Amino acid sequence: MITFNVSDEIGTAPRTPALEWSWTGLQSCTARLLIEERIRVEFERVAQNVPASDFFAELSGGLDGYVDKIIEKALAAFSAGKLLLIVNDKQVSSLDEMIPIQESNNAVFLRIVPLRGG
């Protein structure tokens, strides 16, 4: 069984723990698969009245959209460089990059925010 501990970071704000889940039967993982699973896990939690993380709430705009549309939005943010994914202290650079996984893994979703001002 593989465990993922997920944290969120927005701009320069401190990192905050978001959720943890276990994955049975996982042999390998890509950024695409990890992002999709994170959205699905959060969707299930919200459906059970667990408060959504800021990351999920921003992508979903509430729960007006379907989970597949939310996943598309997250994948597009990653592809556009608006979302960085760091797994076990290494940045993942493409959606289809194979991520070396361990029994216990740490994933950080870092949302990039534009600088304000002059």
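**Exercise 1. Which residue stands opposite I86 in β7?**

Before we start: this is a predicted model, where local features need pLDDT of at least 70, side-chain atom pairs count only at pLDDT 80 or more, and totals for chains, interfaces and linings use all residues. Residues are numbered from 1 along each chain as its sequence is written, and side-chain values use heavy atoms, with hydrogens and water left out.

*Solution.* 
- Two strands pair if DSSP finds at least two bridges between them.
- Now look at β4 (residues 83-87), which pairs with β7 in the antiparallel sense over five bridges.
- Along that pairing, V108 in β7 is the residue opposite I86.

**Exercise 2. Work out the strand order of the open sheet.**

*Solution.* 
- Begin with β1 (residues 2-10) and β7 (residues 104-111): they run parallel, joined over eight bridges. Here I10 faces R111 in β7.
- Next, β4 and β5 pair in the antiparallel sense over three bridges, with K90 in β5 as the bridge partner of V87.
- Put together, the five strands read β2-β1-β7-β4-β5, with mixed pairing.
- The edges are β2 and β5 (90-92), each pairing on one side only.

**Exercise 3. Find what packs on this sheet.**

*Solution.* 
- Helix α1 (residues 31-47) does, touching β1, β2, β4, β5 and β7. Contact here means heavy atoms within 4.5 Å.
- Its direction makes about 100° with that of β2; axes are lines fitted to C-alpha atoms, for helices over the stretch in contact, and angles run from 0 to 180 degrees between N-to-C directions.

**Exercise 4. Why does the pair of F4 and W21 count as stacked?**

*Solution.* 
- Check the rule: rings of Phe, Tyr and Trp (its six-membered ring) pair if their centres lie within 6.5 Å; planes under 30 degrees apart are stacked, over 60 edge-to-face, and the rest tilted.
- The structure holds three aromatic pairs. For F4 and W21, the centres are 5.6 Å apart and the planes sit at 25°, so this pair is stacked.
- The pair links strand β1 to strand β2 (residues 16-23), with F4 and W21 17 residues apart.
- F4 also pairs with W23, edge-to-face, at 5.7 Å centre to centre and 75° between the planes.
- F4 and W23 are both buried, meaning under 20% relative accessible area (1.4 Å probe, protein chains only).

Conventions. Helix = DSSP H or I, 4+ residues; strand = E, 2+ residues; numbered from the N terminus. Buried < 20%, exposed > 50% of the residue type's maximum accessible area, 1.4 Å probe, protein only.
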